[in-house]
Amino acid sequence: MENKSLKLIKEINSKIGISENILSEIKLPTQEEESNLVFVDVGFLKVNQFLEERTAAAWLNMKSEALKDKVELTLVSGYRSYYEQAFFLLERINQGTTPQVLVKSVAPVGISEHHTGTAID
C-alpha cells in the first residue's frame, strides 16, 4: 500500500478518535480503495450501491437465482470509501460508543473490506 494511502488512513482515523494505539491492536491488513466499481442496485437504504466487477457479477447472479425460488435478496451496503467508513463510525461514536469498543465490531477506516468493493451486507 502506498505511503499516501497509509497517511490518509491514519489521519482520518485520528480525526474521529481512533488512535494509532487502537489501530495497532487490530491484526487485520489494510485495504486499498477500489476504483473499478460497477453499479449494482439501489440498496435497502435507498443509496446507489457499487461493487468490484467480479463481485458485482456474482451478486447479480446470486440475486437472480434466488428470485427463481421466490427469495428476494436486498443489498444493504457494498463499497464504502474511506470517508464513508469514517462517517459510519462517527455516527456510532456520536451515539456514545467508544472507539475502543466500536472497533471490536466495525472495521476502522482502511481496514474494512468494503473499501475493496468485495464485501456485502
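Which residues have the most contacts inside the largest nonpolar core? The structure is a predicted model, in which local features need pLDDT of at least 70, side-chain atom pairs count only at pLDDT 80 or more, and totals for chains, interfaces and linings use all residues. Residues are numbered from 1 along each chain as its sequence is written, and side-chain values use heavy atoms, with hydrogens and water left out.

The protein has five helices and two strands, taken as DSSP runs numbered from the N terminus (helices: H or I, at least four residues; strands: E, at least two). Along the sequence the pattern is α-α-β-β-α-α-α. Of the 121 residues, 38% are buried, that is, under 20% relative accessible area, with exposed meaning over 50% and partly exposed in between (1.4 Å probe, protein chains only).

The largest nonpolar core has 16 residues, and Ile18, Leu89 and Val109 have the most contacts inside it. Such a core is a set of buried Ala, Val, Leu, Ile, Met, Phe, Trp, Tyr and Cys residues joined through side-chain atoms within 4.5 Å. Helix 1 (3–15), helix 2 (20–24) and helix 4 (82–94) each supply at least two residues of this core, and helix 4 gives the most, with four residues. Leaving aside residues up to four places away in sequence, Ile18 touches Asn13, Leu23, Leu89, Pro99, Val103 and Pro108, where a contact means heavy atoms within 4.5 Å. A second, separate core of five residues includes Val40, Leu51, Ala56 and Trp59.

Val76 lies in the loop between helix 3 (53–68) and helix 4. Val76 counts as partly exposed because its relative accessibility is 30%.
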